[in-house]
Amino acid sequence: MSDDIVPFTPQSSLVQCFLNSPETGWLSVSIAPQPFELRGIISPYVRGFIPWAEDKSAPSRAFAKVIESELRLGRQIEAGQTVVDLGASPGSWSYVAVKRGAHVIAIDRSELREDLMRSPRLSFETADAFKYKPPQTVDWLICDVIAAPQRSIDLLLEWLRERRMRHFIVTIKFKGADEYPLLEQLKQHAPPLCADFRLTRLCANKNEVCAFGSIL
Ligand SMILES: C[S@@+](CC[C@H](N)C(=O)[O-])C[C@H]1O[C@@H](n2cnc3c(N)ncnc32)[C@H](O)[C@@H]1O
């Protein structure tokens, strides 16, 4: 045994094996209590990759971000739930919620696709996403607004602190890598307010990350 190989007992360790050919593979060993603390980062998907959802009827491919967040969360928007969609136009995120039978309050400066605007399950308000407050707690905040990352981070923290929603999916969009450290505030302040908090660059994300989860 070389100096850098640490002995372990299988009972107190997490052992993972990935075979990349019949003869070779990778073995990963974590000593307890790391397996418990880090279990959230172990993906049930092969190589952590979730294929982009396909739906040609959606207004744009942006709907794939909601589907992927729901899959990762293990929870989805359900019939009868209330959803606030901030920065909703042209309507792909609202499209998913309406299709599931939820009631959607869609906020944007521009209207959504015509069929969504006519949906009895959707009410549209021309408003500033950063000023909108729901009259009561909603089941979901979904937010894909184009804004500076600090504004989206502040918006999410405000909604969490004021417990305005039960579950959330919020995109944080970046112009450059120098903005990534802004996420540290979210990593510090959001988890204590949440029963489940994830911050991930989705397979369906470009230069953006998605914060999603459920409040306490
Ligand atoms: C990336 S698009 C949203 C796409 C949408 N999630 C979908 O699936 O179709 C961003 C939207 O944010 C809206 N937006 C940007 N700033 C806003 C603000 N302050 N208030 C409301 N909407 C805003 C834009 O008008 C734009 O429609």
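Student: Which atom of the ligand is 3.1 Å from an N or O atom in the side chain of Arg 109?
Tutor: That atom is a nitrogen of the ligand. Please note that the model is predicted.

Student: And what lies 3.0 Å from a nitrogen atom of the ligand?
Tutor: A polar atom in the side chain of Asp 128 does, at 3.0 Å.

Student: Which atom of the ligand is 2.9 Å from a polar backbone atom of Ser 92?
Tutor: In that pair the ligand contributes an oxygen atom, while Ser 92 contributes a polar atom of its backbone.

Student: How much of the ligand does the protein bury?
Tutor: The ligand exposes 600 Å² when taken alone, and the protein buries 87% of that area.

Student: How many residues surround the ligand, and which are the closest?
Tutor: There are 18 residues around the ligand, and the closest are Gly 91, Ser 92, Asp 108, Ala 129 and Asp 144.

Student: What is the shell made of, by class?
Tutor: The shell around the ligand comprises nine nonpolar, five charged and four polar residues.

Student: Changing topic, what is the mean pLDDT of the protein chain?
Tutor: The mean is 89, with 88% of the residues at 70 or more.

Terms used. Residues numbered from 1 in each chain as written. Predicted model: local features only at pLDDT ≥ 70, side-chain atom pairs only at ≥ 80, totals over all residues. Heavy atoms only, no water. Near = heavy atom within 4 Å. Polar contact = N/O pair within 3.5 Å; in protein donor to acceptor, adjacent residues only side chain to side chain. Areas by Shrake-Rupley, 256 points an atom, 1.4 Å probe, with all protein chains shown as cover. Nonpolar A, V, L, I, M, F, W, Y, C, P; charged D, E, K, R; others polar. pLDDT = per-residue confidence, 0-100.
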